[in-house]
Amino acid sequence: MSLAQMILGAITLLISITMHIKMIEYGDGVTARFEERKLELQVNYATDAAAQEMVTDSADLGQDYEDLSRLSVDPMVAIDTFATVMVKNLGLPLNNTSKQFVLLEHTPVFLVAATDGYYIATPQKINSSGSQDAVFGIKVPYTYVDGGKTYALNLSLKQAIVFENGRIYKDYNLPLTHDEQLRIINTKIADGLNDAIFEYARYSPQGYLYLPKNFTSVYSTNNVDTTTVMAYIDNFNAGLDVNIQAFGIGGTYIKNNRPVVGFIIDGKKYYSYSDETPQGVTPIEVYDTMEEAAINGYYYYLR
Amino acid sequence: MTKNYIGNALMLSITVFLVFVMPMSYIGIIETAKAQEHILNTTQEFVDMVTDTKRITQNDLDKLSLDLSATTIPIDFTIMREMKVINPVPGELGQTYTTYVPVDDITTFNTGDFLTIEVYQVGKSFSQSFAASLTKTYVPSVEVRLSKKVR
């Protein structure tokens with residue numbers, strides 16, 4: 001074999017080996033990204049369901065007609081629903097062991113932002129024999145200090161509880177605009193979330209933390225202005241030595257239903273929204289939706 | 001040029017490997033990447049559609065099969081519906097428990113039901129099997145499992 005042939009062969013072999021390794025790396029990267037996107041979808045489904053079930057399944061929402069954005073929700077419902085949906089998504093059997101597995105191994109931070117404060121659940125030791133459980137901390141209020149006054153803001157943005165010189169009262173004339181209040185509340189929630197995540201990262205096996213990309217771009221999303229559930233999940237394997245994380249946000253709100261009213265004008269059946277009913281007519285029936293009214297033979301009343 | 005049988009054979013085998021075998025392996029990996037993205041998008045679209053409309057028609061199923069078969073990888077899927085059921089706890093007054101019961105009827109959904117769709121690879125495409133048998137390249141298989149609660 002001549003020298004030229006040998007050199008040529010060696011170079012070709014080197015190039016082919018490099019290409020092969022590169023391609024395998026590419027394949028691994030593609031798989032990791034695919035798994036990450038899948039996980040993102042799954043965690044978002046879980047937080048969505050958690051936020052919704054929290055509103056529909058909480059024992060008492062403590063609502064009053066004066067202020068519909070006020071909801072007292074049960075965060076335990078949210079975390080249980082979140083665990084259930086995640087268990088289903090991972091294809092595990094639905095029981096308490098699987099739920100605990102998801103919450104303790106994969107969910108370092110679970111946050112529920114309620115109307116007047118937020119809760120954070122983190123896996124914690126619950127007895128001396130080393131058992132763990134995802135435990136919610138106390139509710140952290142959205143406080144804001146101005147002068148001698150401490151405001152406890154809430155998401156209704158209309159009033160706040162003020163603590164001043166040892167007395168507590170409700171203030172309906174806040175010195176803050178709605179945007180300022182939302183900014184303060186969101187800063188509080190973001191701070192709480194960051195603290196919890198970094199507290200976790202301090203004890204994480206790697207000793208460092210990758211922020212999921214949808215967490216780092218969180219500034220471009222909407223404000224937290226309704227009851228919201230957020231979850232940060234970690235420790236999912238995607239291929240050799242690849243760890244993936246994801247972050248999910250789910251929100252929900254209650255809105256006023258606008259009922260429609262059925263009435264008769266000149267012998268014909270009409271309906272309209274209850275607040276737009278023409279004067280002098282006698283309402284006969286009230287329906288939740290326009291569809292129901294139409295099914296019962298009422299026509300839309302065009303003025 | 002002198003007759004150099006060993007050198008020529010070596011070069012020939014390397015050439016064959018580079019020109020025919022390696023590209024197949026790369027094509028297999030790239031195909032998988034494309035299929036993964038396509039399948040995830042299709043599945044997500046289907047899941048979101050069903051949880052919004054609360055029903056699955058034969059038309060939807062046909063469309064889903066057609067969409068999923070638009071890749072070079074043979075794919076199969078299962079759709080599962082688990083009905084939300086709340087029952088009293090026997091012997092304990094006022095206590096209830098929530099459970100999810102798999103049901104056969106997947107045409108209509110109630111609020112709170114689970115829709116689970118599993119999409120999985122049932123075989124290998126030509127380039128994938130070529131690559132796997134000749135170069136022993138690891139070709140990741142496509143597997144998507146999405147589970148969503150019906151709103």
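Residues are numbered from 1 along each chain as its sequence is written, while chains are lettered from A and ligands numbered from 1 in the order in which they are written. In this predicted model, local features need pLDDT of at least 70, side-chain atom pairs count only at pLDDT 80 or more, and totals for chains, interfaces and linings use all residues, with side-chain values based on heavy atoms and with hydrogens and water left out.

Chain A contains six helices and 13 strands; helices (H or I, at least four residues) and strands (E, at least two) are DSSP runs, numbered from the N terminus. Of its 303 residues, 42% count as buried. Buried means under 20% relative accessible area, exposed means over 50%, and partly exposed lies in between, with a 1.4 Å probe and protein chains only. The accessible surface of chain A comes to about 16800 Å², and 55% of this surface belongs to carbon and sulfur atoms; such areas come from the Shrake-Rupley method with a 1.4 Å probe, and for residues only the protein chains shown count as cover. Among the contacts in chain A with a separation of 6 or more, 54% are between residues 24 or more positions apart, a contact being heavy atoms within 4.5 Å.

The largest nonpolar core has 36 residues, of which Phe82(A), Phe110(A), Val112(A), Val229(A) and Ile233(A) touch the most other members. Such a core is a set of buried Ala, Val, Leu, Ile, Met, Phe, Trp, Tyr and Cys residues joined through side-chain atoms within 4.5 Å. Helix 1 of chain A supplies the largest share of this core, nine residues. A second, separate core of 26 residues includes Ile120(A), Tyr151(A), Ala196(A) and Val224(A). Apart from its neighbours within four places in sequence, Val229(A) is in contact with residues including Thr47(A), Met54(A), Phe110(A), Val112(A) and Ile249(A).

On the surface, Leu3(A), Ile7(A), Ile11(A), Ile15(A) and Met19(A) form a nonpolar patch with about 500 Å² of accessible area together. Patches are made of residues with over 30% relative accessible area and no salt bridge, like charges being joined within 9 Å and nonpolar side chains (Val, Leu, Ile, Met, Phe, Trp, Tyr) within 5 Å. One member, Ile7(A), lies in helix 1 (residues 3–57) of chain A and is partly exposed, with a relative accessible area of 46%.

Four strands of chain A make an open sheet in the order 12-10-11-13, with mixed pairing; two strands pair if DSSP finds at least two bridges between them. Strand 12 (285–287) and strand 13 (299–300) are the edge strands, each pairing on one side only. Strand 10 (residues 260–265) runs antiparallel to strand 12 and is joined to it by three bridges, in which Val261(A) has Val286(A) as a bridge partner. In chain B, strand 3 (residues 114–121) and strand 4 pair in the antiparallel sense over seven bridges, with Thr116(B) opposite Ser147(B). Six of the seven residues of strand 4 (residues 143–149) of chain B are buried, so this strand is largely enclosed by the rest of the structure.

Two asparagines of chain A have positive phi values. Asn165(A), with phi near 50°, is found in the loop between strand 6 (160–164) and strand 7 (167–171) and is exposed at a relative accessible area of 70%. Asn235(A), with phi near 65°, is found in strand 8 and is partly exposed at 28%.

Side chains of opposite charge can pair when their charged atoms come close. The structure holds 14 salt bridges over all chains, each a side-chain nitrogen of Lys or Arg within 4 Å of a carboxyl oxygen of Asp or Glu. Lys38(A) and Glu35(A) meet in a salt bridge (3.7 Å, N to O); both lie in helix 1 of chain A, three residues apart, about one turn of the helix. Lys38(A) is buried at 10% relative accessibility, whereas Glu35(A) is partly exposed at 23%. In chain B, the closest N and O atoms of Lys148(B) and Asp48(B) are 3.0 Å apart. This pair links distant parts of the chain, strand 4 and helix 1 (residues 5–53), across 100 residues. Lys148(B) is buried, at 6% relative accessibility, and Asp48(B) is partly exposed, at 24%.
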